[in-house]
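Subject: Structure handover

Hello,

Here is the structure I said I would pass on. Please look it over before reading my notes below.

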Amino acid sequence: MTTDVIDRLVGASAGDALFALREQRPDAKRNAQASYDALFASDELEHVSQLERLAVAYWAVALTGSPAAAHYRELLEAESPETLATLEAALPEALTNGPYGDYPAGPLSAENVAGLHWRPSDEVTAALGIRLAAALAHTHLLTYRPRDASTDALQALLDAGWSTTGIVTLSQLVSFLNFQLRVVAGLTVLKGEL
Amino acid sequence: MPAQVVRPAGEEPNVFTQAMLGWEAWLEPLAAEELTERHFDGLVDRRRAANPYFRLLVRDPDILGARTRTDNDIFYNEKGGLPRALRELSAASASRSNGCIYCASVHARFASHHSKRPDDVQRLLDEGTAAPQDDAQWRAVIDASVALTATPVAFGAEHVRQLREAGLDDLAIADAIHGAAFFNWANRLMLSLGQPTQPRG
């Protein structure tokens, strides 16, 4: 039996109350794990390499301050300690609070919230290459200010060498992690209250 | 030369609404004639091949299939837990907080349908997640969803207690957590791969 990643990150195991609760939504549980497997154990790495997946995953989760970042840190460290070191050095200046961003011009403009538009430094781009550096900028946008997403942001990825299919996988990766880390956060709190 | 994004010509909706909006992709969906059985498995429901959002996402069929099956169990599993209207409210609240006008339109409409309280839903859209709501369960689900949508996540024991004091059991609380968490997945895809379009007149 393979270990369910969310169970592991929350600290749930067979016989305890939280485990039993998750078993009542068996397809959600099984497919949250299948989503993780589809992203991190894919047999289709032509559009997004394993290193890119792990680097983006660590970056996305670390940006949120989630304890789940330790899991992705470990995976990236095993794949490329150099990449991990570059990301860890860049992280403090990239951290902020979300969600923020702008709405299409109109009555909602009153709710626009300004915030950091993170771009990789020349050092980060030199260390990781323009392709991964562009993905990190997009990951920051998707994580903190998804309503700022734009055609220009996608064009920047295409210009940096991402394929259309690769952008779909990258977007799913960051978006899935924003789900997973929230399930982990929510269930961890609930576990303490059961 | 790199591929070029699609830049839709029409005006984007600029208010939250319960109207039926359209959605146009910024990247080329997979052509219908390129769909294989693996793609249809990813679509789960074959009729989704007609929808540009799903036909774009199906470029990576495995994650789309797992995403859709996760979604279906969180929102449609009828064995106990959070009432349907409140599951939709968790989705609408996360979408309002992130600013996904398209997702909010769909799930506000569903919340109205299941609760028969369109005015309370419209207040969430018009005035935001902090707008007054008299119903303690609505208040608790909205507050929990907003806290889960914040980065870093701001959900704490006080939210669990608020949900419980409003009369929700542990499975219902787990459903609320999953509903809001799932829309932090869905909102990011909808917001970043295309844009809503005005309802057809």
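Predicted model: local features only at pLDDT ≥ 70, side-chain atom pairs only at ≥ 80, totals over all residues.

Residues are numbered from 1 along each chain as its sequence is written, and chains are lettered from A and ligands numbered from 1 in the order in which they are written.

Confidence. The predictor gives the complex an ipTM of 0.98 and a pTM of 0.98.

Chain B. There are nine helices and two strands in chain B; helices (H or I, at least four residues) and strands (E, at least two) are DSSP runs, numbered from the N terminus. Their order along the sequence is β-α-α-α-α-α-α-α-α-α-β. The radius of gyration of chain B, taken over C-alpha atoms, is 18 Å, close to the 17 Å that the globule rule (2.2 Å times the number of residues to the power 0.38) gives for 201 residues, so chain B is as compact as a globular protein of that length. Along the principal axes, its C-alpha atoms fill a box of roughly 55 × 35 × 35 Å. Of the 201 residues in chain B, 53% are buried. A residue counts as buried if 20 or more other C-beta atoms lie within 10 Å of its own, as exposed if 12 or fewer do, and as partly exposed in between, with C-beta atoms placed from the backbone.

Interface. Contact (C-beta atoms, placed from the backbone, within 7 Å) links 57 residues of chain A with 54 residues of chain B. On the chain A side, α3 (26–40), α7 (122–144), α8 (151–159) and α9 (164–193) each supply at least two residues. The largest share, 21 residues, comes from α9(A). That side of chain A has 29 nonpolar, 22 polar and six charged residues; Ala, Val, Leu, Ile, Met, Phe, Trp, Tyr, Cys and Pro count as nonpolar, Asp, Glu, Lys and Arg as charged, and the others, Gly among them, as polar.

Helices. α3(A) has 15 residues and reaches 21 Å from its first C-alpha to its last, close to the 21 Å expected at 1.5 Å a residue (1.5 Å times one less than the number of residues). Its buried residues include Lys29(A) and Asn31(A). What covers the buried residues of α3(A) includes α9 of chain A and α3 (61–76) and α9 (170–193) of chain B. In α4(B), residues 84–98, 13 of the 15 residues are buried, so this helix is largely enclosed by the rest of the structure. Just after α4(B), Gly99(B) has a positive phi of about 95°.

Arg147(A). This residue sits in the loop between α7 and α8 of chain A. Arg147(A) is buried, with 25 other C-beta atoms within 10 Å. Beyond four places in sequence, Arg147(A) touches Gly101(A), Asp102(A), Tyr103(A), Asn98(B), Gly99(B) and Leu191(B).

Core. A nonpolar core is a set of buried Ala, Val, Leu, Ile, Met, Phe, Trp, Tyr and Cys residues joined through C-beta atoms within 7 Å. In the largest one, of 119 residues, Tyr58(A), Val61(A), Ala176(B) and Ile177(B) touch the most other members.

Regards

Technical notes
Contact = placed C-beta atoms within 7 Å.
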